[in-house]
Amino acid sequence: MNGNLDQLSINTIRTLAMDAVQKANSGHPGTPMALAPVAYALWQRLLRFDPDDPIWPNRDRFVLSNGHASMLLYSLLHLAEVKAVDPNYETLGQLSVTLDDIKNFRQLGSKCPGHPEYRITSGVETTTGPLGQGVGNSVGMALGRYWLAEYFNKPGYELFDYNVYAICGDGDMMEGVSGESASLAGHLKLSNLCWIYDNNHITIEGSTKLAFTEDVASRFMGYGWNVTRVGDANDLDLLTNALGCFLNTHDRPTLIIVDSHIGYGAPHKQDTREAHGEPLGEDEIRLAKRAYGWPEDAKFLVPDEVRANFRNGIGKRGKELHAGWEALFERYKKDFPDRADDLRRIQRRELPDGWDKGLPSFPADPKGLASRDSSAQVLNVVARNVPWLIGGAADLAPSTKTRLTFEGAGDFEAGSYGGRNLHFGIREHAMCSILNGLSLTKVRPFGAGFLIFSDYSRPPMRLAAIMEIPVIYVFTHDSIGVGEDGPTHQPVEQLASLRAVPGLIVLRPADANEVTEAWRVIMQLRHEPAALVLSRQALPTLDRSKYASAAGLGKGAYVLADAQTGKPELILMATGSEVSLCISAYEQLTAEGRKVRVVSMPSWEIFEHQTPEYRESVLPGSVTRRIAVEQASTMGWAQYVGHAGRVIGMKTFGASAPLKELLKKFGFTPDAVVGAAREMLAK
Ligand SMILES: Cc1ncc(C[n+]2csc(CCOP(=O)(O)OP(=O)(O)O)c2C)c(N)n1
Ligand SMILES: [Mg+2]
């Protein structure tokens, strides 16, 4: 009888997906139909997940990297009766995904948006849809478990031993980020990681013969993975054996290649590209239901015994495992109260007490230091105070100065997973995708590289912003200040493009003390990713007894220097290295009797969060003579300088030359700024 119950449950997943896509008149029915048995075997027989508490810290993670197959996940969340969690991490008792949500698939307000979205739907571990990201995230989640285990587990207290499962398709396999991530996962021997590859030979344009004929198994064996095959996606026992093989592999990640038939059971659409992304049509649905032995005219049918089946399967197992873990944690709390408190804070994205103690303040110094160097000092203090701040660079730690150098910081390596310095290799895309996975694991991750190569990281950065997770990016070598490396390494349009990402906080501090304040702001973010943009070259440390305190950075922009008396005639505004340039121009103009204000503007986004009154006090509407100075694309500055204003920025790529010559060539000298100001004042 159980065989029938399995089949009935699998067909419930299939028909819910078919019906939801048909009703929405858009979506992807074929892959949920094909993968229903795969996901069912995993969820019912193996997954350690408590539907009553989908954020239990040691739950197994399930990632649907082929996010277009979202109805597969929504059906599972509904049938397993996963409960909703509110933003305060409280479970609400109600279902995360109701049958009505499924009936409103892809409609405004439904918990079932087109692609799975973390934060919208409890039980969705990460937002997927951009192919390759989910599997990239899964590496971060797996890596995160190793780190958490080193930090929290004690003899007799195996608090963290969860596994990470990711289902992926041909598209995920083709995207480079999956290769980067898999390479690193193999190198690190993350044996808690299992990818299940839906080898259906179909993508949007048709057969994979068009563009994808590589030997995936060989490739993954080359990465150091354990590779196994399931020749029939409908064979639950084969699937269970393959998953067992994963569980018994302790020295490497596992790839299970599953041969499946997209649109399984639909007589005219199975194995076709049409099954990928179009509703099947009422007639075809009826025929597929007939093939499943399903009532042909029933819609959104969930037999009672199927609900009971999930309750007795994943529901019962998850509840027991979770209860066992909670009992263990109760004892842990008594034996290791500090660590237990750390875990509570991590889960709520809270900082430890004293997280900001010892933050450096820097004395005035006309020569100064590069903001990457001041950041190195601040980061090392913060990281000592916040044990779960971990990260690394894409092979650029010596250049980005992001290495944690204090005693005990250590390196995260295969077989030695307690270190806090990660080594991503030259894989910017995977790095940021992995950072998302780490952040979803709730440790506080940072990743570093050259600002120019933020372009290689944009897809996961964008997803961090969509998911509202506080990933930290440290981007150095932020302008033509790079000098001799030339235009390939000199960012121009990167600042504007990062500022264009909704929710991403971009900070470009002007000197060492602004760097300290920037880290103070970044560490307190709980729902926004932040990009800290730093210079390679030295920046003068401004004399804060003469100019305003760097604490103004907390408001995004602040009046750094002002007219000696009365209202300013002109405002100079800048970020980063150009702030001290504006200060030089200010001193000269002030000596000439001009009334000038300098506004340091390290973060547009934070400034935009301030009250209209504060913004008006910094940039009064009545002062229309305004000049912005930034070694970057001028795009976006018009909103601050207005019609009468001017922007001194980059209109072309840079060039390879010593910095001094570049500054002259591109007009970033005190004389050029003073000249522009005089011209404007003469009008
Ligand atoms: C990065 C990215 N590029 C393109 C797309 C558009 N897209 C969505 S699904 C898909 C085909 C995916 O094929 P496969 O992974 O084999 O999925 P299947 O049809 O087998 O479910 C494409 C190109 C996307 N979602 N993400
Ligand atoms: Mg495919």
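Predicted model: local features only at pLDDT ≥ 70, side-chain atom pairs only at ≥ 80, totals over all residues.
**Stop 1: ligand 1**

Select ligand 1 and show the residues around it. There are 15 of them, and the closest are Thr31, His68, Gly171, Asn200 and His276. Taken alone, ligand 1 exposes 590 Å², and the protein buries 74% of that.

Two further contacts are worth a click. From His68, a polar side-chain atom reaches to 2.7 Å from a ligand oxygen atom. From Gly171, a polar backbone atom is likewise 2.7 Å from an oxygen atom of ligand 1.

Next, colour the shell by element. Helix H6 (170–174) and strand S6 (202–203) each contribute at least two residues to the shell. If you colour by residue class instead, you will find 5 nonpolar, 8 polar and 2 charged residues around ligand 1.

**Stop 2: the largest pocket**

Now select Val85, Asp86, Pro87, Tyr118 and Arg119. These lie nearest the centre of the largest pocket, which has 36 lining residues. The pocket holds about 710 Å³ of space. To see which elements give two or more residues to its lining, show strand S2 (83–85), strand S3 (91–95) and helix H5 (133–152). S3 gives the most, with 3 residues. By class, the lining of this pocket divides into 18 nonpolar, 8 polar and 10 charged residues.

**Stop 3: the largest cavity**

Move on to Arg349, Glu350, Leu351, Trp388 and Arg444. They lie nearest the centre of the largest cavity, and 13 residues line it. The volume of this cavity is about 90 Å³. What classes of residue make up its lining? There are 8 nonpolar and 5 charged residues, with no polar ones. Across the model, the count comes to 5 cavities of 30 Å³ or more.

**Stop 4: Arg14**

Finally, select helix H1 (residues 2–24) and pick out Arg14 within it. Is Arg14 buried or exposed? Arg14 counts as buried because its relative accessible area is 1%, under the 20% cut-off. Before you leave, select Glu514 as well and draw a line between the two C-alpha atoms: Arg14 and Glu514 are 500 residues apart in sequence and 55 Å apart in space.

Notes. Residues numbered from 1 in each chain as written. Chains lettered and ligands numbered in written order. Heavy atoms only, no water. Near = heavy atom within 4 Å. Polar contact = N/O pair within 3.5 Å; in protein donor to acceptor, adjacent residues only side chain to side chain. Areas by Shrake-Rupley, 256 points an atom, 1.4 Å probe, with all protein chains shown as cover. Helix = DSSP H or I, 4+ residues; strand = E, 2+ residues; numbered from the N terminus. Nonpolar A, V, L, I, M, F, W, Y, C, P; charged D, E, K, R; others polar. 1 Å grid on protein atoms, 1.4 Å probe; cavity = no way out; pocket = protein on both sides within 12 Å on 5 of 7 lines; lining within 4 Å. Points joined across faces, edges and corners; volume = space filled by probe spheres on them. Buried < 20%, exposed > 50% of the residue type's maximum accessible area, 1.4 Å probe, protein only.
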